[in-house]
Amino acid sequence: ARPMIYVITPTYTRPVQKAELTRLMNTFRQVPRFHWLLVEDSAQKTALVHGFLARCGLLHTHLNVATARRFKRTGLPRATEQRNEGLRWLRTQREHLEPGVVYFADDDNTYSLELFEEVRSVRKVGVWPVGLAGGRRYERPVVEDGRVVTWYTGWRADRPFATDMAGFAVNLQVILDSPRAMFKRRGSQPGMQESDFLKQITTLSELEPKASNCTKVFVWHTRTEKAILINDSIEHEESIYIEA
Ligand code: UDP
Ligand code: MN
């Protein structure tokens with residue numbers, strides 16, 4: 001059987017959440033052998049996400065862990081604990097899981113279907129370009145003779161792995177063989193989540209360049225504008241509850 005794709009998506013409650021999850025679901029439903037690990041940044045699982053997953057038509061696992069208040073500040077990395085919760089779940093389920101590849105998919109990015117076939121073929125750690133990242137139209141691994149030699153990026157080129165979270169995937173076996181590999185809060189500088197994680201499991205020369213030697217953009221680091229609900233006042237609220 002083809003390898004499974006395990007996608008870990010951190011998500012949190014805000015007005016655009018259901019719209020974001022709907023866009024993801026419409027893409028993910030077209031990907032065969034797909035398992036969605038949706039990790040809520042909350043102390044309790046919400047009814048909205050629970051109901052959404054029940055109707056999404058995808059093999060899924062609903063997880064949650066709340067980010068500590070002190071880490072909810074601009075400039076600090078987001079979703080560290082949620083990604084780790086996904087990794088923790090995979091490791092506890094190792095006896096029951098089919099071979100596959102793990103990918104970290106934030107809830108606001110844009111994913112092409114081509115991306116997932118690149119993900120599926122990753123033997124250890126695969127990398128590829130990410131559109132709209134690093135302050136450029138795209139950020140990408142630079143490949144020479146089939147090996148990644150450096151990174152094309154407009155931002156902090158000193159990062160050991162100058163990639164966005166959307167720019168790599170890791171074989172499940174690597175995650176299981178390195179049981180301590182995790183995303184870090186302590187000692188992690190802004191924008192270093194990816195590098196701090198990847199250096200625990202691989203080296204630059206071991207990376208597998210995907211997407212035609214990293215010349216194709218199959219995923220974009222899009223960001224959704226915050227919904228401004230200035231006309232949503234208590235006086236005008238409806239007397240029935242409508243989940244939106
Ligand atoms: N996220 C989260 N809790 C938060 C903020 C963000 O779980 O308090 C999730 C969010 O849903 C997304 C990921 O973390 O899947 C990255 O967040 P965001 O897209 O805001 O970061 P950016 O793309 O701006 O770096
Ligand atoms: Mn984002």
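Ala, Val, Leu, Ile, Met, Phe, Trp, Tyr, Cys and Pro count here as nonpolar, Asp, Glu, Lys and Arg as charged, and the others, Gly among them, as polar. The model is predicted: local features need pLDDT of at least 70, side-chain atom pairs count only at pLDDT 80 or more, and totals for chains, interfaces and linings use all residues. Residues are numbered from 1 along each chain as its sequence is written, and chains are lettered from A and ligands numbered from 1 in the order in which they are written.

**View 1. The shell around ligand 1.** By class, this shell holds seven charged, three polar and three nonpolar residues. Of its 13 residues, Pro10, Tyr12, Asp41, Ala79 and Asp106 come nearest; a residue is near a molecule if its C-beta atom, placed from the backbone, lies within 6 Å of it. The unreviewed UniProt entry lists residues under "binding site", among them Pro10, Tyr12, Asp41 and Asp106. Such annotations may be inferred rather than shown by experiment, and their positions are given in the numbering used here, with feature names shortened.

View 2. Asp108 is found in the loop between β4 (100-104) and β5 (110-111), while Arg223 lies in the segment after β12 (219-220). Strands (E, at least two residues) and helices (H or I, at least four) are DSSP runs, numbered from the N terminus. Not counting residues up to four places away in sequence, Asp108 touches Glu20, Thr222, Arg223 and Thr224, contact being C-beta atoms, placed from the backbone, within 7 Å. Asp108 counts as partly exposed because it has 16 C-beta neighbours inside 10 Å; Arg223 has 10 and therefore counts as exposed. The cut-offs are 20 or more other C-beta atoms within 10 Å for buried, 12 or fewer for exposed, and partly exposed in between.

**View 3. The largest nonpolar core.** Such a core is a set of buried Ala, Val, Leu, Ile, Met, Phe, Trp, Tyr and Cys residues joined through C-beta atoms within 7 Å. Of the 54 residues in this one, Tyr6, Val7, Val101, Val102 and Tyr103 touch the most other members. Strand β2 (residues 34-40) gives the most to the core, with five residues. Leaving out residues up to four places away in sequence, Val7 touches Phe28, Phe34, Trp36, Leu37, Tyr103 and Ala105.

View 4. UniProt, in an unreviewed entry, lists Asn213 for "glycosylation site". Asn213 has its place in helix α7 (residues 211-214). With 17 C-beta neighbours inside 10 Å, Asn213 counts as partly exposed.

Methods:
Two residues are in contact if their C-beta atoms, placed from the backbone, lie within 7 Å.
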